[in-house]
Amino acid sequence: MLATRENLRTGLALSSLAAAAQFLVVWLLWPAIGRPASGAAISAFLAIVAFLCGVNGTLNVSRLGRRALMLYALGYAALFIFFMLYLEGHVRHALIFPLFALFFASMFHFGPTLGYLAIVLIAYFLFPLHALPVMLLLALYYTLFIQVVRAARKADNYLLIVFFALSLLFAAIVFFPLLHFVVQRTPQDLVKTFFDKVDGAQVREAIGRSLYTSTISTAITLVLGLPLAYVLVRADFKGRAILDVAIDIPIMIPPPIIGIAILMLVGSSTSIAIDIRHFFESIGGLFGGQSTAIGRWFHGVKFEGAVPGIIFAQVLVSSPFLIRSAMTAFRGVDPRLEYVSRTLGAGPLGTFRRITLPLAGRGIFTGCILAWGRSISEFGSIHLIAQNPPTGPTLIYTLFSSKGGTPGPAASVAIIMALVSLSIFIMLHVLGSRMIWRRD
Amino acid sequence: MLRLENVTRSVGDFRIAGISFSVEPGDYVIVLGPTGCGKTVLLETIAGIGRVDEGRIFIDGADVTRTPPEKRNIGFVYQRSMLFPHYTVAENIRYGMHVRKLPETEQKKRINILAEMLNIGRLLERSVKNLSGGESQKVALARALAIEPPILLLDEPLAPLDPPTREMLRREILKMHRQLGTTILHVEHDQVTARVLGQKIGIMHNGTILQFGKAEDVLERPDSELVARFVGMENVYRGWASAAHGGAEVKVGGMLLKSTTTLRGDVGLCISPEAIHAAAGGDRQWANVLDGTVREVSDRGSVFKVMIDVQGQPFTVHVSRREYESRPLAAGVVARFGFDAAKVHCFKEGG
């Protein structure tokens, strides 16, 4: 039994108060009484240490009793005064203090807060140049780790703990570069890049183009891929296994190859491209040819260096993700539900619409999110097909290479692009998990 | 009403072959068979889920062999109710009527009638996800009945239920059958249910129907060893029948049993465990009297199952609880048992 809710609230309040007080002491009072100033950064760091030590104590008040807690607080104060006053508040000493605070706190053998304290110290001492992202990553990981340990104890399976501990390396490889990258520019920088009078428009257009082409390509993949997924799940036929494997081929082919393949098929000078252009022009002719807006729209259709080419590439690379998810979703719908629907008088299409589709809906939606994400991240093939008009990734590459291969302004655009697509990605996921699939 | 002619179909490893029988209007037909004998495939085939390889199916005289399920107007209830999880109870029941575009008032009327009959009125607005097994089955029944099908197919609707619920639903189904007069074809592996509900019984084994007829005919007078075993005749033997004064005598091992059979020569025979009575001290004269050593006694609730041994031939006897309590039989005791000649049912051997 740890802290009650009420204890926790008072504890948090007291700890914040103490931390704030200490911050003021170190930052303002110290110089006032003639000690060397420590600066806001170190003061804030020490305040975090104080806060964590405080929480560490108050979380355990019900187990320890008030007297022990008082002792703990006094001990912390004594330690603080000893290091900060006796050792003359030198900066190096100020940083040694938390180390002792950690040992002191560990003597009281308190729960998870100790871990956070350790993380703060590790981040500041071992990775002084990347303290913030390291601290973020470790703190997130540690929070999850506590939960995993709890679940593993419940399941009585220590292997879960070992496996999750191994995954720290995975987290470091996959998420650290991104976490580190996102904090490289201040919000002011990003706002300036995005709304800049001269270059901002180009950035906004490119990111907008990325968003709408991915949406269109996802819609196309949905219309074309969903029926195929259903056939692969429900029909048992010779050659099914081959088709099943073939679906994944776009994942394995390097994007530049896909780009070249598309160019060789519908690049400006190929015969197919010319046929397609004629086809669209004749449709445009039905709407009055060059003299009307619709007619003109049909007139200009081409793939190389144009939006249709971008969408073509996106559909090609993202289709496996949608089809796979849809197949899993369809497989989860018991065929007997469809049979019952049929006996009740609904035909195959009515059954698909009323029963199969709503029940597979969530899985299909997840597939759409994946396909959308894959489309928006596609660069390799689009770079070959259409450097202009630019999408987010192609613009970033152009900025990057124009500065002789240094991140420079590309980094700001890249961070904006990452944040925009990430937030839409998360938003869609939340939306998907909340969505209730009902029809009629 | 429903007629099957030589229906044959294979689905994966399952195969049903040469199935022919007919069901009259208002019948309650049970197809009894062990798990994996093709009962579900048979029902699905009748409902139109999957095509037959051979044979024909008629409903009301019309050939429906190639008719898709949505045009057959057959009610179908799966073993695990298969309710649509994204709909409420009422929406599930409404489904078939909604698809048929029945007027709203008619839909409401039927839902109310069915809900009252099956006692599920208070569930109507609930999600189907938190229903108990018995409730789910009743909703599935209501959903199938809402389209007013002339014939209802039930696939072991009682199997997933616990015994008290099973008993309750059995009564509800019987009540529903009497009230609506719907023709029912019900496949089942449980003998008790078959005895309680079936007016006609078909015995299914390995994808074929072994015997089909009136319930009492099939249950009391099985025509083969397999059927005898399925319907719970535990005393199944082979013997040699010959004429004797006033009937027949069947030689089984070293015993001579009196029987009323008209068969002669090599026969199979069976005696229901209920037909054998612990006879010692009884006032009745039994045609057949045996002295047997009790081997094993097990308590089966309302009866005690007593295994006895008569001249090396094992017999199973069901002794009623009352009878048993007045005169307990322990292993090793030699006791006398008796049964009528009419209870020694013979059938052609090798049939």
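**Entry 1: Ile262(A)**

In which helix of chain A is Ile262(A) found? I looked it up: Ile262(A) is in helix H14 of chain A. Before going on, I noted that this is a predicted model, where local features need pLDDT of at least 70, side-chain atom pairs count only at pLDDT 80 or more, and totals for chains, interfaces and linings use all residues. Residues are numbered from 1 along each chain as its sequence is written, and chains are lettered from A and ligands numbered from 1 in the order in which they are written.

Helices (H or I, at least four residues) and strands (E, at least two) are DSSP runs, numbered from the N terminus. Ile262(A) counts as buried because it has 20 C-beta neighbours inside 10 Å. My cut-offs: buried is 20 or more other C-beta atoms within 10 Å of a residue's own, exposed is 12 or fewer, and partly exposed lies in between, with C-beta atoms placed from the backbone.

Leaving out residues up to four places away in sequence, Ile262(A) touches Gly309(A), Phe312(A), Ala313(A), Ser381(A) and Ile385(A). A contact here means C-beta atoms, placed from the backbone, within 7 Å. I also checked Gly305(A): it is 43 residues from Ile262(A) in sequence and 12 Å away, C-alpha to C-alpha.

**Entry 2: H14(A) against H17(A)**

Next I followed H14 (residues 255-266) of chain A to helix H17 (residues 307-331) of chain A; they pack at about 130°, with axes 11 Å apart. The axes are lines fitted to C-alpha atoms, for helices over the stretch in contact, and angles run from 0 to 180 degrees between N-to-C directions. That angle makes H14(A) oblique to H17(A); under 35 degrees would be roughly parallel, over 145 roughly antiparallel, 65 to 115 roughly perpendicular, and the rest is oblique.

Which residues meet there? From H14(A) I listed Pro255(A), Ile258(A), Gly259(A) and Ile262(A), and from H17(A) Gly309(A), Phe312(A), Ala313(A), Leu316(A) and Val317(A). By class they are seven nonpolar, two polar and no charged. Nonpolar covers Ala, Val, Leu, Ile, Met, Phe, Trp, Tyr, Cys and Pro, charged covers Asp, Glu, Lys and Arg, and the others, Gly among them, are polar.

**Entry 3: the rest of chain A**

I counted 22 helices and zero strands in chain A. Of its 440 residues, 30% count as buried.

Asp156(A) sits in the loop between helix H7 (131-155) and helix H8 (158-174) of chain A. Is Asp156(A) buried or exposed? Asp156(A) is exposed, because 7 other C-beta atoms lie within 10 Å. The C-alpha atoms of Asp156(A) and His130(A), 26 residues apart along the chain, are 37 Å apart.

I also found a cis peptide bond from Asn388(A) to Pro389(A), with omega near -5°. Pro389(A) belongs to the loop between helix H20 (380-385) and helix H21 (392-402) of chain A.

**Entry 4: where chain B touches chain A**

The contact takes 18 residues from chain B and 18 residues from chain A. On the chain B side, the elements giving two or more residues are helix H1 (39-47), strand S6 (74-77) and helix H2 (89-99). H2(B) supplies the largest share, four residues. I sorted that side into twelve nonpolar, three polar and three charged residues.

H1(B) is mostly covered, with eight of its nine residues buried. After H1(B) comes Gly48(B), with a positive phi near 100°.

In the loop between S6 and H2 of chain B I stopped at Met82(B). Its phi is near 50°, a positive value in a residue other than glycine. Met82(B) is buried, as 22 other C-beta atoms lie within 10 Å.

**Entry 5: strands of chain B**

What is the strand order of the open six-stranded sheet in chain B? I read S6-S7-S8-S3-S9-S10, with mixed pairing; two strands pair if DSSP finds at least two bridges between them. The edge strands, each pairing on one side only, are S6 and strand S10 (208-214) of chain B. The twist averages 15° from one strand to the next.

Inside the sheet, strand S3 (residues 28-32) and strand S9 (residues 200-205) of chain B pair in the parallel sense over four bridges. Val31(B) stands opposite Gly202(B) in S9(B).

Lastly, I looked at strand S1 (residues 2-11) and strand S2 (residues 14-23) of chain B, which run antiparallel and are joined by seven bridges. They form a hairpin with two residues between them, and Gly12(B) in the turn has a positive phi of about 60°. Ser10(B) has Arg15(B) in S2(B) as its bridge partner.

Definitions and conventions
Two residues are in contact if their C-beta atoms, placed from the backbone, lie within 7 Å.
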